[in-house]
Amino acid sequence: MTLDDMLASLFPEGHDVRNDNGVLLGSGPLRGGGRAVVIGIADRIAVGVDEAIRLSRHVLNAMERGGTGPILVLVDSDSQRMSKRDELLGLNEFLAHLAKCLIYADMQGCQTVGLLYGHSAAGAFLATALATRVLVALPGAEPEVMDLPSMSKVTKLSIDVLKEKAKSTPVFAPGLDNLAQTGAVLSTWDEKTSLAEQLQTLLGSDQDGGDRRDRLGKTRRGRPKAADIAERVHDLALQSK
Amino acid sequence: METLSYRHKAQERAAGSKSLAIIGVVASGNLEVLVERSLPDTECQVDINTAAEGFGAVWEAVIADFVERRSPGGLRLSVNDGGARPDTVALRLAQAVRLIEEEDR
Amino acid sequence: MKSWNAQKTTLAERLADGRRYASGKTIEVVDLPNFLEAVIRPADRVCLEGDNQKQADVLAAALADVDPAKIHDLHMVQSGVVLPEHLDVFEKGIARRLDYSYSGPQAARVARLLFGGKIELGAVHTYLELFARYFVDLTPNVALIAAVCADRDGNLYTGPNTEDTPTVVEATTFKSGIVVAQVAEIVDRLPRVDIPGDQVHFVVEAKKPFYVEPLFTRDPAAITEAQVLTAMLAIKGLYAPYGIRRLNHGIGFSTAAIELLLPTYGEKLGLKGSVCTHWALNPHPALIPAIESGWVEQIHSFGSEVGMDDYIRARSDIYFTGPDGSLRSNRAFCQVAGLYACDMFIGSTLQIDLLGNSSTVTTSRIAGFGGAPNMGSDARGRRHPSAPWLQAGKEADPDGPPPLRRGRKLVVQIGETFGDKNVPLFVEKLDALTLAEKLNLELAPLMIYADDVTHIVTEEGIANLLLCRDKDEREQAIRGVAGYTDVGRGRDGKMVRRLRERGVIRRPEDLGIDPLDADRSLLAARSIKDLVRWSGGLYAPPSKFRNW
Amino acid sequence: MNARKLEAPDLSRVANSKTVSWYEASARQRVRLMLDAGSFREFIGPEQREQSPHLRVFDLPTQFDDGIVVGRGRIAGTPIFVAAQEGRFMGGAFGEVHGAKLTGLLRAARDTKSVPVLILFDTGGVRLQEANAGELAIAEIMRALIEARMAGVKIVGLIGGRAGCYGGGGLIAGCCSALAVSEQGRIGVSGPEVIETNRGVEEFDSRDRALVWRTMGGKHRRLLGGAEAFVDDTIQSFRNIALSLIGSVPSFGLDVLKAEQARLEERLQRFGTCADAIDIWRAEDIFDAEAVPAISSLDFIDLANRDGEPRYDAR
């Protein structure tokens, strides 16, 4: 699905989302009333300091205006921009700041929804799609924490061997199904029906702000231990004096 | 990965009263030893999980010497090994015993 | 009529051919290949200067760039085969025969080219032997050398890394050979003259310093507890009882650990002033804390070490320096010092056999010797006495009449029973022997011969081979410190116990050392940054050693 | 600087927080020596053997605590939660269990609404062999961390280990209330080798360690504002700074985020065209910018403070 098609299906009444060299900023009217703030990354660009600062500015502007509508984060990105300049300028702070803005907004009542419609990886993934309350995907999305060639280089295992191992566990290999099993992606939307409607259903159903991804990962058998370990530590910590 | 286990009679109970100690780290050429006071006073067990396969004879020799020199009675030692050299293994085992024998501060 | 000055005539011809590319004595870098084709003749003996530290890298690149149709069958006579270009000349057919001393990074490629017949090997030498042969039967026709700067007359400042240059120039220029020097720049006035201009025929302004490998820098952060333990054993079990004042150290981490333990552990043992006062040693950064703590009286060096120049300059009471203040090193003299004027050599190796022979070659690598065997051998020509030398002689031959008894240099091999990638230090058969068989060499490339080795130190203890009375004792003494290697586990327990009772083998506990006390906190410096601090900011380590 | 003042280390084998290097210490040593003696209680300690279930797929050895120590203790009497990564086990990387322990700790801190958290970072980022679980763990940690801060909890990150603080670790660090870093400490997203592999050695020579440190190291991060405090490489210094930072950071909210936005925008505007850290330091009016990497920790702390007290209200 192209960006334009996706936006048209999300906002059939029109929108003011602009793609400026891969940085998506704007808003659009919701089916159930009100407007959604939209930020995002398009055209599979890498997310560096210059991109991140614009996205966080857009979120903060919405917060300053006292907005309470949802924030939609559309993602088709590369990984973080791997460059001397970005590291020199403190890319970790820019990405963390963007994530913080999204999480803060969500906790202040601006539900955040990530929509992964293409690729994403590593630090860019963390600062955008994974910093939302719920993440959904379109068919064909390609999340990739770590690419197999890089993994092959570090583990000194051939790509074929890695692919073979990936059949027994979703825990390391790239791909939408694997990420869904570990609990990162709540659901994959149907691109044949109205995205606006699916968004409305999602917004209506998800009222609880708690992070349920580890429970989801356990149910889907992608992350057998995370939820239980986190809960045990949580309980021990609260009991301890 | 290879799993090895050795049980020995020890001449004496390891000193001290601590029930647990841990030393080392699992890294290339290094290992961690978790030591627990959980066996009868004259028993000693060493369980090993190692990345380097086929060195059973060396482990056996290292552990026999260790039990003879340190008399770690009552101790169960569990090893996660990242392919450490035998002298490093011997050193960590000895350090683990010394650590559990120390009084709590 | 026989000409008695044919060499001078040829020299004059070559100089005339070379001057076509020169302005005065100066050659441009771009003209180098043409120039070299003009002054070098097929089958010449050529010394391309380079050892384990400095490299005439620009000249090496130019030589590898000459036309093999014009220049071929050269006989390379040089200390080091270190740069890729040193072997490119063989691959391209520019050179055919090789006599050398050290290769390091190129050791595997040397082996491949030997097997492939691209190199016709004369011999692998120690530094001193090769230098000696420069004056007997391997005198270069052409020497391509490296210096820091030159003046218009060809006077050279070779700087702290003078190393082999005076030796190479001496042999070449005074036997009617041609000397070509690469320098970083041509200046009006040199800091000092290391090589007089009338011994230098041509100078190339390379516009960059010659390459120097920081080979003698050991990061204290990489020293292990086991190395600290072996260092403690060496200090308490060898340095103290023999009272070793004049010595040389190898470049390994175990000896770096010794250097770093002197101001801490050595101080505690009260050894300051009675050991480790005079050295034949490169400017090891790891020795800075001992120097700053007042342990060291003087040091003569084979070469310099990257980043140590300012420190050396500020410590001229310790080092040999010129009127300009910078270090003057000289490999030949320092090797002689290590051979004749030191009471101890201690260094690491890769393999030791049951007799005590040791070697650093493996079947796929021919690393050469460098200078270790010069230092690590008993000097049979030595005549002056010293306490450690006499003591060692007495241990080897307790019944001989003292006035007729030779002393012995202490030649110590130090290492851990397992090295890198858990490869055992002790073996039944050296790879050097396998290699010799494979290559049909008359001699296996041994670093230190068994009859020169006096002690072996590992984390398990010290074996004093001087006290062994027969081959069996010697073998069991070696097995007795070989830890859990196959060789170590093959020991005769009873015999090892007897050797220990006699003090032939000494365990840490026999020396009052608890292996659990061997902690990195004993090191006077635990990082390169600590060394910089000890030096008062004078030591400037190369970037690859920094974490700041 | 007088080298002769440098004392030979104590020969006693009792390590103490004044002399032990943070960089060299293990995660457990750091925790033990930085907290009040005997005060530490670990949650899911190594004896529970909660190890990674995934490493065996790759025939790799596990560690009993999966490379992270979490628990509760006191620092100068103040109760705190603490998490310490072991940088030598798989580069301190986040795996499923490793990450979940920190998530659970932060969620507990959130529920207490008060107990501060110290995170002793030492990590290369996501653990490759369980990349999806590790990435998600980081996302969950970031969420839990912000929830805790919004509930009034102060979270201080301490960075000075061998592995530095890279990848997702760098993002988590950026979410903390305040950071303290030593000279050896490095903070970033893409590590030096990653940049070199992806962009070539001309872009970044990972073996040029001086370049690595002046681009990502502790001194640069402090001067740039990426860390609030710079400390000497001893456990004692980290303990002192942790205590002081817990006392000095304000609560979290929209004003903080706006201040951070302004702070980062200003940084881009002032230094966005700088090619190297030295250009940035020069632009910050540091008199002898070239000398910054070489000066001692104490001199550097003076220099950094002269340049302006760090602000605590913009992270």
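Student: Quick one before we look around: when are two residues in contact here?

Tutor: Two residues are in contact if their C-beta atoms, placed from the backbone, lie within 7 Å. Keep in mind that this is a predicted model.

Student: Then which chains have the most contacts between them?

Tutor: Chains A and D do, among the four pairs of chains that touch. Chain A puts 67 residues into that contact and chain D puts in 73 residues.

Student: What about chains B and C, how many residues does each give to their contact?

Tutor: Each gives 12 residues. The chain C side of that contact has five nonpolar, three polar and four charged residues.

Student: Let's stay with chain C. How many helices and strands does chain C have?

Tutor: Chain C has 19 helices and 24 strands. Its radius of gyration is 24 Å, close to the 24 Å that the globule rule gives for 548 residues, so chain C is as compact as a globular protein of that length. Along the principal axes, the C-alpha trace of chain C spans about 75 × 55 × 50 Å.

Student: What share of chain C counts as buried?

Tutor: 59% of its 548 residues count as buried. Also, among contacts in chain C with a separation of 6 or more, 73% come from residues 24 or more positions apart.

Student: How is chain C divided into domains?

Tutor: Domain 1 of chain C is 13-212 and domain 2 of chain C is 220-532. Taken over C-alpha atoms, the centres of these two domains of chain C are 33 Å apart. Their contact takes 31 residues from domain 1 of chain C and 30 residues from domain 2 of chain C.

Student: Which elements of domain 1 of chain C supply at least two residues each to that side?

Tutor: Strand E6 (95-103) and helices H5 (107-115), H6 (127-134) and H7 (165-173) of chain C. H5(C) gives the most to that side, with five residues. Altogether, the side of domain 1 of chain C that touches domain 2 of chain C has 15 nonpolar, 11 polar and five charged residues.

Student: Switching to sheets. What is the order of the nine strands in chain C's open sheet?

Tutor: The order is E1-E2-E13-E11-E8-E3-E5-E6-E7 (chain C), with mixed pairing. E1 (22-23) and E7 (120-124) of chain C are the edge strands, each pairing on one side only. E1(C) runs antiparallel to E2 (26-27) of chain C, joined by two bridges. Within that pairing, C:Ala22 has C:Ile27 in E2(C) as its bridge partner.

Student: What does helix H4 of chain C touch on the sheet?

Tutor: H4 (84-91) of chain C touches E3 (45-48), E5 (74-81) and E6 of chain C, and the direction of H4(C) makes about 160 degrees with that of E5(C). H7(C) lies across E3, E8 (142-146) and E11 (178-183) of chain C, at about 155 degrees to E8(C).

Student: Which residues of H4(C) are buried?

Tutor: C:Glu85, C:His86, C:Leu87, C:Val89 and C:Phe90. The buried residues of H4(C) pack against E3, H3 (57-63), E5, E6 and H5 of chain C. Just after H4(C), C:Gly93 has a positive phi of about 85 degrees.

Student: Last one, over in chain A: why is A:Leu3 partly exposed?

Tutor: A:Leu3 has 17 other C-beta atoms within 10 Å. Buried needs 20 or more and exposed needs 12 or fewer, so a count in between is partly exposed. A:Leu3 sits in helix H1 (3-10) of chain A. Beyond its neighbours within four places in sequence, A:Leu3 is in contact with A:Asn19 and A:Ala42. The C-alpha atoms of A:Leu3 and A:Tyr117 are separated by 8.2 Å, although these residues are 114 residues apart along the chain.

Terms used:
Residues numbered from 1 in each chain as written. Chains lettered and ligands numbered in written order. Predicted model: local features only at pLDDT ≥ 70, side-chain atom pairs only at ≥ 80, totals over all residues. Domains from an automatic or database assignment. Helix = DSSP H or I, 4+ residues; strand = E, 2+ residues; numbered from the N terminus. Nonpolar A, V, L, I, M, F, W, Y, C, P; charged D, E, K, R; others polar. Pairing = 2+ DSSP bridges. Axes fitted to C-alpha atoms, helices over the stretch in contact; angles between N-to-C directions. Rg over C-alpha atoms; globule rule 2.2 N^0.38 Å.
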